[in-house]
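User: I am new to this structure. Please take a close look at one part of it, and then go through the charged pairs that join its elements.

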Amino acid sequence: MHSPCPYGEYNSPLKTKRNTLNTRLIAARVLTRVLQDGQSLTAALDANLPAIELSKDKAFVQALCYGVCRHYYRLDFILNELLAKPIKDLEIKALAFVGLYQLSYMRVKPHAAVSETVLATRKKPWAKGLINALLRNYQRDQEGLEKKADAINWVAFSHPLWLVEKIEQDWPEQVQEILLENNQQPPMSLRVNLSRISTELYLQQLSEQAINASAVGYCPSAIILEKPVAVELLPGFIAGLVSVQDVAAQLAAGLLNVQPDQRVLDVCAAPGGKAAHILEYQPQLKELVAVDIDSIRLLRVEDTLQRLKLKATLIAGDAQSPMDWWDGQFFERILIDAPCSALGVIRRHPDIKLLRRADDIEALQALQQNILDAIWPLLAPGGLMVYATCSILKQENEQQIAAFLATHTDAREVAIEETAWGIKSGHGRQIITGTAAMDGFYYARLVKLA
Ligand SMILES: C[S@@+](CC[C@H](N)C(=O)[O-])C[C@H]1O[C@@H](n2cnc3c(N)ncnc32)[C@H](O)[C@@H]1O
């Protein structure tokens with residue numbers, strides 16, 4: 001649970017002069033947006049990274065922010081041990097996390113970590129002594145403090161207690177593996193546009209660029225890179241030969257098994273990864289209708305489709321009230337990639353551990369049920385619906401489908417048995433986070449009786 005940061009040695013190019021950019025301070029500001037305002041880490045980084053000139057500095061800020069979120073609960077325990085009373089100023093508290101994270105998890109030279117972090121207090125001189133003292137006290141008793149932290153299960157795994165209990169309740173045998181995986185950096189996976197190029201040929205193109213990667217047996221479009229690379233370095237990215245997408249997310253299109261001339265509905269479609277894949281999978285569709293409640297996120301679907309030279313009908317609408325946007329024509333295939341707790345993608349979004357609350361789950365479960373109930377009538381008799389979440393909680397997954405089947409006599413489950421991935425659950429199939437390098441995901445397949 002205590003892994004060194006792959007970011008490695010960072011010798012800050014930043015001068016220690018007054019008024020120079022301090023990457024630690026920027027990281028603390030980004031983290032304050034998450035801790036204080038409940039903003040997502042992605043949104044907070046998007047708002048702050050563009051002002052940083054050097055890509056090396058951007059990467060350092062990103063490594064600090066992701067690292068602090070990933071190890072937040074363990075760092076918070078250690079910070080509390082070091083303090084006589086809590087730090088009220090959240091930006092300074094975030095800076096303390098940034099300092100501790102460097103000393104505990106990164107290969108930054110300790111003296112640079114301390115001095116640069118202390119320097120970041122320059123607009124709040126009262127905090128200089130505090131940050132200096134607590135980082136030096138940590139250095140003096142690092143082993144003892146870490147031992148104390150690691151004696152408490154949820155602190156050692158750096159998850160909130162309620163979440164550990166929830167995961168343990170559903171997955172008692174896998175809980176430790178899941179918690180460990182949640183703290184790993186996920187691999188970068190690609191989806192090859194099979195309507196344009198084969199996986200073998202694309203792997204060859206990667207190899208010519210000295211990018212090591214491998215194919216995935218049970219998912220024809222998927223490639224996993226040995227190390228992440230900037231998308232601009234991927235051959236044919238701009239031209240639409242390839243997209244970045246986790247392997248688990250690439251299983252949706254195959255499960256839908258879309259045929260030529262079908263009308264397909266993708267509700268909850270933004271940012272459009274699965275919509276694009278469906279169109280690549282079956283270029284002869286009659287129409288793909290992609291709906292999302294968030295019109296800003298829908299713009300990202302538009303961008304993705306444009307890059308891939310694909311076409312869909314985009315609708316900003318609420319999946320709970322299709323009568324506001326549906327044209328009355330049935331769909332032969334429907335994908336519901338439901339809004340969920342996203343507990344299967346914590347390794348990609350470690351801020352979920354900080355932002356998600358225990359009582360969110362019931363609200364999400366109710367929303368998913370409303371969407372399932374509202375969208376089912378749009379499916380043609382004999383048509384197929386795939387329900388998906390990036391959650392590992394049974395409440396959002398197999399229990400949701402069990403309740404749906406109990407109340408819809410015209411629905412039958414089509415068991416997902418033709419495959420080598422995931423665990424067969426009461427209903428549907430569950431991928432546990434990290435298995436075969438995939439995100440945690442759930443799929444169920446339902447047919448409407450003719
Ligand atoms: C898991 S994401 C979908 C990811 C997408 N299918 C993809 O592959 O890129 C869930 C989406 O559901 C949308 N959403 C949430 N509530 C909704 C609602 N009531 N109606 C329609 N979309 C909703 C969110 O805006 C979000 O974009």
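**A histidine and the salt bridges**

Analyst: In this predicted model, His159 sits in the loop that runs between helix 9 (153-156) and helix 10 (161-170). His159 has a relative accessible area of 0%, so it is buried. Its side chain makes a polar contact with the side chain of Asn182, at 3.0 Å. Beyond its neighbours within four places in sequence, His159 is in contact with Tyr73, Trp154, Val164, Leu179, Asn182, Asn183 and Lys353.

Now the charged pairs. The whole structure holds 18 salt bridges. One of them joins Lys93 and Asp76, whose closest N and O atoms are 4.0 Å apart. Because Lys93 lies in helix 5 (residues 90-105) and Asp76 in helix 4 (residues 72-82), this pair ties together parts that are 17 residues apart in sequence. Lys93 and Asp76 are both buried.

Lys124 forms a salt bridge with Glu91, with 3.9 Å between the closest N and O atoms. Here Lys124 comes from the loop between helix 6 (110-119) and helix 7 (128-140), while Glu91 belongs to helix 5, 33 residues apart. Lys124 is partly exposed, at a relative accessible area of 23%, whereas Glu91 is buried, at 18%. Both residues belong to a network of salt bridges that also links Arg29 and Asp89.

A further salt bridge is formed by Lys274 and Asp337, their closest N and O atoms being 2.5 Å apart. Lys274 is in helix 14 (residues 273-281) and Asp337 in strand 8 (residues 331-337), so the pair ties together parts 63 residues apart in sequence. Lys274 is buried, with a relative accessible area of 13%, and Asp337 is buried, with 17%.

Methods
Residues are numbered from 1 along each chain as its sequence is written. This is a predicted model: local features need pLDDT of at least 70, side-chain atom pairs count only at pLDDT 80 or more; totals for chains, interfaces and linings use all residues. Side-chain values use heavy atoms; hydrogens and water are left out. Helices (H or I, at least four residues) and strands (E, at least two) are DSSP runs, numbered from the N terminus. Buried means under 20% relative accessible area, exposed over 50%, partly exposed in between (1.4 Å probe, protein chains only). A polar contact is a pair of N or O atoms within 3.5 Å; within protein, one must be able to donate a hydrogen and the other to accept it, and residues adjacent in sequence count only if both atoms are side-chain atoms. Contact means heavy atoms within 4.5 Å. A salt bridge is a side-chain nitrogen of Lys or Arg within 4 Å of a carboxyl oxygen of Asp or Glu.
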